[in-house]
Amino acid sequence: MKHKGGGQIMAENLILSIKKALHIIDILVFEDFENKGIALSKLAKKTGQRTNTLHNILKTMVACGYVVQNEEGKYASGKKCKDIGRINKISPQSNFNKLITKSVLELSQKLGEAVLFTILINGNRVPIIFSEPDQLIKVDYTSLENENIYMKDTGRVLTSFADQANLSMIIDNWGMPGDNWNGINDMPALSGNIEAVRSKGYSLSIVADGTLVSIAVPVCGDLPGAIGCYAPLFRCDKEKQQFMLTQMQAAARLIENFEN
């Protein structure tokens, strides 16, 4: 017998619709790991739910991004389920997190400048690790920057190397860049600037009234990321900027190779 006062939830207090939805996620994630999709009729048999009820639950889960319906009409785990797995990869205890931390610290010391690692989550630029030369790594898993994603070179890189689903989320969240990035106000202009960044393989800007140089490179792979570096312009001539870019790209490849 379960008691309310004992810290346990009585079975009759469970919200059945949530329980049903979580059961569906369990099936789609753990039984369809190739993500080929499962037909509604098969899901009904596995869950013991009527197809009408199941269809309504699935429709809600699709709208929320936890389930997708493919061209064959089958259901598979959606982007948000995958994002949960990606977030777990950068938990403080993970080897991947340790590699990123080590890479950012070493890069900062090698360049003698501030270095930042960011990831793209739900259409937002999320700073994860920040380092200055000879200073401790600062980790922030909770902050979603209020600044427009297009204002920073890391944000422009994340946008430019995003897949279509992530790009759509960025546009849903932030609209067109406008004054935040080359006066871009429509999709053709945005596509052109994205292609320019992809072609170069980096984004570079002179910011803070001409006093700082900002450089960002993509970290491509299962976890979309970007490495950024900020430095006073007076000590960063063209030769230093090229050195910074080369070292940042090498660090990005190291992270990508570990991830893959």
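**Overall make-up and selected contacts of the predicted model**

The protein is built from 9 helices and 8 strands, where helices (H or I, at least four residues) and strands (E, at least two) are DSSP runs numbered from the N terminus. The structure is a predicted model, in which local features need pLDDT of at least 70 and side-chain atom pairs count only at pLDDT 80 or more, while totals for chains, interfaces and linings use all residues. Residues are numbered from 1 along each chain as its sequence is written, and side-chain values use heavy atoms, with hydrogens and water left out.

Along the principal axes, the C-alpha atoms occupy a box of roughly 70 × 50 × 30 Å. Of the 260 residues, 41% are buried; buried means under 20% relative accessible area, exposed means over 50%, and partly exposed lies in between (1.4 Å probe, protein chains only). Among contacts with a separation of 6 or more, 53% join residues 24 or more positions apart, a contact being heavy atoms within 4.5 Å.

Rings of Phe, Tyr and Trp (its six-membered ring) pair if their centres lie within 6.5 Å; planes under 30 degrees apart count as stacked, over 60 as edge-to-face and the rest as tilted. By this rule there are 2 aromatic pairs. In one of them, the ring centres of Phe 96 and Phe 258 are 6.0 Å apart and the planes meet at 10°, so this pair is stacked. Because Phe 96 belongs to helix 5 (residues 95-111) and Phe 258 to helix 9 (residues 238-259), the pair ties together parts that are 162 residues apart in sequence. Phe 96 is buried, at 5% relative accessibility, whereas Phe 258, at 42%, is partly exposed.

Helix 5 also holds Ser 103, a buried residue with a relative accessible area of 8%. Leaving aside residues up to four places away in sequence, Ser 103 touches Leu 254 and Ile 255.

Turning to helix 4 (residues 79-89), the buried residues there are Lys 79, Cys 81, Asp 83 and Arg 86. These buried residues pack against helix 1 (16-30), strand 2 (75-77) and helix 7 (164-174).

Elsewhere, a charge meets an aromatic ring: the charged end of Lys 200 sits over the ring of Tyr 202, 5.2 Å from its centre. The term applies if NZ of Lys or CZ of Arg is within 6 Å of the ring centre and within 35 degrees of the ring normal.
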